[in-house]
Amino acid sequence: MADKYLYFTELLSMPVLDLKGRRIGRAKDAALVPREHAARIDRFLVGGEYTWLTVRFDQIRSITLENGIQLSDEQLLPYHDDEYMMRIGRDLLDQQIIDVTGRKVVRVNDVTMGIQHDGQRDILTVLEVDIGVRSIFRRLFQGVLPRPLIRRLQRRIPPNSIRWEFANVVEPDPLRRLRLNISYDKLEEMHPADLADIVEDLAPAERGAIFETIDSEVAADALTEVEDPKMQASILENLEPEKAADIMEEMAPDEAADILSEMKEETSEEILEEMDSEPKTDVRELLEFEDDTAGGLMNTEYVALHDNATVADAMAALKGNEDLLETLNTLFLIDEEERLTAAIPLARLFLAAGESRLKDLASETMIQVTVDETQDRVSEFFDKYNLLTLPVVDDEGKLAGVITADDIISILRQK
């Protein structure tokens, strides 16, 4: 087993020997070139007497814990930094990365590499990122105790590691991210709440890197799960206005308005200017209301039909608003002046014939509030009448928006 794997901390300071077995230096770092291979160690950086040298993977004959690194080619070049290179010691060790399967942010303590012989040479391949106590123990005693002894002693400590393919490196610099071929595709497959938890544990630059890169719809869902409104605003403020606008367009208008209200006025205005006309109009209307009023709480995602509509008309309207079906529980009727006239629980549609008039299915008592009603009063209505949805009307009785039970729950959480 000893010949099948090597830890990065063991590789450090390992002697590098020429064709005659003479030491030319010690290993100082190792690097991946992700565009060439996602896991193979492509370069070894060797500290010589006066300078660092670069050893390519195909210049190595063997790598063993006992004998170090033995070369098959001595034509080495001085080391120079390469933007396509990810160095283990500099760019990975002690850095925060994302454990995609564990859905958390972790710190890298060591790296486990496999040793494979291809018939000509030994090749190192990154297998796992080590994050547990065992890897800390290994680092503490490296250079103090013999390496074989450290390996024996560490067996008593349970391993804790992440397979390399499930470790996502976070790189804030867009150009370097591109050169290193780093993507966040795996993050897009996470539940938005899990992605939000990860984002909250990262530094601002890393948060921005993720939101700048992932799909706008995924970003919008994750952003709404971030609990701190100021963090939500900060994330968008640090994005390019075009990207921030794309994310805003995927959000419910009320959620977008809440975040924009936390931003600097000039920044929010810049983002609004980048948004498409329809969502921009809805968000601007909501921004006109105070946060602690019904107008500030409501959203404009509802389905309203003319008060002479039938069940068949309602079913057609629902098919045209499939994106609302997960949260929709009530339809509303309005007259020719757009004044609210009735509310119909969605469940009643499925018990009625297609030609039935919707107003005949309406709730006997319709509870509504005006846009300037207080937040506390709105909460009382939900509690008193056990509401799922509360329509909000303007001074003329026109339907302006709706407040849902989820909106009230969010308020109670903040308290």
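Analyst: A polar contact is a pair of N or O atoms within 3.5 Å, of which, within protein, one must be able to donate a hydrogen and the other to accept it. The model under discussion is predicted.

User: What makes the pair formed by the backbone oxygen of Asp94 and the side chain of Arg107 a polar contact?

Analyst: The backbone oxygen of Asp94 lies 2.6 Å from a polar atom of the Arg107 side chain. The cut-off is 3.5 Å, so this pair qualifies as a polar contact.

User: Which residues does Arg107 touch, leaving aside those up to four places away in sequence?

Analyst: Arg107 touches Asp94, Gln95, Gln96, Asp130 and Ile131. Arg107 itself belongs to strand 11, which spans residues 104–107.

User: Why is Arg107 called partly exposed?

Analyst: Its relative accessible area is 45%. Buried requires under 20% and exposed over 50%; the value for Arg107 falls in between, and therefore the residue is termed partly exposed.

User: How far apart are the centres of domain 1 and domain 2?

Analyst: Taken over C-alpha atoms, the centres of domain 1 and domain 2 are separated by 39 Å. Their contact takes seven residues from domain 1 and eight residues from domain 2.

Conventions
Residues are numbered from 1 along each chain as its sequence is written. This is a predicted model: local features need pLDDT of at least 70, side-chain atom pairs count only at pLDDT 80 or more; totals for chains, interfaces and linings use all residues. Side-chain values use heavy atoms; hydrogens and water are left out. Helices (H or I, at least four residues) and strands (E, at least two) are DSSP runs, numbered from the N terminus. Buried means under 20% relative accessible area, exposed over 50%, partly exposed in between (1.4 Å probe, protein chains only). Contact means heavy atoms within 4.5 Å. Domain bounds come from an automatic or database domain assignment.
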